[in-house]
Amino acid sequence: MRIDVVSIFPSYFDGLTLSLLGKARDSGILDVNVHDLRDWTSDRHRTVDDTPYGGGAGMVMKPEPWGLALDALASRVAAPADEPGRAEQRPTIVFPSPAGEVFRQATARELATRDHLIFGCGRYEGIDERVFEEAAGLGEVRLISLGDYVLNGGEVAVMAMIEAIGRLIPGVVGNPDSLVEESHEDGLLEYPSYTKPSLWRGREVPPILLSGNHGAIAAWRREQQLERTRRRRPDLLAD
């Protein structure tokens with residue numbers, strides 16, 4: 001998978017060199033490229049924002065540098081050599097936005113199937129709306145929100161999305177079985193986990209986990225998933 005990120009603060013993404021995603025980049029599983037939006041400006045101040053039409057507080061990101069950046073990055077990605085019959089995909093262009101759809105595990109699974117993701121990190125009061133309209137001619141455009149709150153910019157949201165998406169790419173997580181029973185994979189929260197020692201500060205590991213009865217352990221874990229979800233996230237059960 002190829003991932004391009006456009007931001008006026010590219011150093012935000014230095015963390016993508018660490019841990020599993022860093023290893024995936026080193027091995028070629030993920031091709032991640034971070035770009036400075038100001039590289040597509042033409043004035044000596046490298047201006048990326050201006051006052052909003054109609055008045056109001058704050059500044060709005062200008063369309064010109066965004067248009068040039070997306071034109072440069074949105075070239076088609078060829079189908080993998082071992083899948084000659086697979087059609088080429090246009091890129092999926094993701095803009096974090098509090099006005100977008102909510103990012104969920106299902107969203108991460110869906111985006112993990114793409115060949116090419118482009119993330120555009122907005123700042124200030126957002127990006128000129130015409131950029132989204134123009135981008136729709138280059139690829140699939142998705143406005144996505146992490147939740148019902150506002151951040152200073154899109155960088156933190158993009159980092160979270162890349163982490164959630166990247167770990168679903170085959171080969172990124174060493175043991176793929178560890179992805180199966182995680183929170184939200186089946187619509188429920190994950191069951192509690194324990195390790196050695198069996199007694200710690202007067203607190204014991206549930207005896208069922210020491211029984212060796214795998215059927216009973218599986219049933220207990222399922223009950224714990226349901227109870228934890230009912231207590232902490234009843235909205236998931238309603239869904």
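Is Phe132 buried or exposed? Phe132 counts as buried, at 14% relative accessibility. Buried means under 20% relative accessible area, exposed over 50%, and partly exposed in between, with a 1.4 Å probe and protein chains only.

The model is predicted: local features need pLDDT of at least 70, side-chain atom pairs count only at pLDDT 80 or more, and totals for chains, interfaces and linings use all residues. Residues are numbered from 1 along each chain as its sequence is written, and side-chain values use heavy atoms, with hydrogens and water left out.

**Exercise 1. The aromatic cluster**

Task: find the ring pairs that involve Phe95, and place each partner in its element.

Solution. 

Step 1. Set the rule. Rings of Phe, Tyr and Trp (its six-membered ring) pair if their centres lie within 6.5 Å; planes under 30 degrees apart count as stacked, over 60 as edge-to-face and the rest as tilted. The count by this rule is three aromatic pairs.

Step 2. Take Trp66 and Phe95. Their ring centres are 6.1 Å apart and their planes stand at 70°, so this pair is edge-to-face. Trp66 sits in helix α2 (residues 63-73) and Phe95 in strand β5, and the pair links distant parts of the chain, 29 residues apart. Helices (H or I, at least four residues) and strands (E, at least two) are DSSP runs, numbered from the N terminus.

Step 3. Check burial. Trp66 is buried, at 0% relative accessible area. Phe95 is buried too, at 1%.

Step 4. Take Phe95 and Phe132. This pair is also edge-to-face, with 4.8 Å centre to centre and 65° between the planes. Phe95 lies in strand β5 and Phe132 in helix α4, so the pair ties together parts 37 residues apart in sequence.

Step 5. Join the pairs. Trp66, Phe95 and Phe132 form a cluster linked by ring pairs.

**Exercise 2. Strand β6 and its partners**

Task: describe the burial of β6, then find its paired strands.

Solution. 

Step 1. Count buried residues. Strand β6 covers residues 116-120, and five of its five residues are buried.

Step 2. Sort the side chains by direction. His116, Ile118 and Gly120 point one way from β6; Leu117 and Phe119 point the other way.

Step 3. Look for pairing. Two strands pair if DSSP finds at least two bridges between them. Strand β1 (residues 2-7) runs parallel to β6, joined by five bridges. β5 and β6 also pair in the parallel sense, over three bridges.

Step 4. Name the contacts. Phe119 of β6 is the bridge partner of Val5. Phe119 is also the bridge partner of Val94.

**Exercise 3. The largest pocket**

Task: give the volume of the largest pocket and describe its lining.

Solution. 

Step 1. Define the space. On a 1 Å grid over the protein atoms alone, a pocket is an open set of points with protein on both sides within 12 Å along at least five of seven lines, and lining residues have an atom within 4 Å of a point.

Step 2. Read the volume. The largest pocket has about 490 Å³.

Step 3. Read the lining. It has 26 residues, and those nearest the pocket centre are Pro96, Ser97, Pro98, Gly126 and Leu151.

Step 4. Assign elements. β5 (92-102), α4 (129-135) and β7 (140-145) each give two or more residues to the lining. β5 gives the most, with five.

Step 5. Sort by class. The lining has 14 nonpolar, nine polar and three charged residues. Here Ala, Val, Leu, Ile, Met, Phe, Trp, Tyr, Cys and Pro count as nonpolar, Asp, Glu, Lys and Arg as charged, and the others, Gly among them, as polar.

Conventions. On a 1 Å grid over the protein atoms alone, a cavity is a set of points where a 1.4 Å probe fits but cannot get out, and a pocket is an open set with protein on both sides within 12 Å along at least five of seven lines; lining residues have an atom within 4 Å of a point. Grid points are joined across faces, edges and corners, and a volume is the space filled by probe spheres set on the points.
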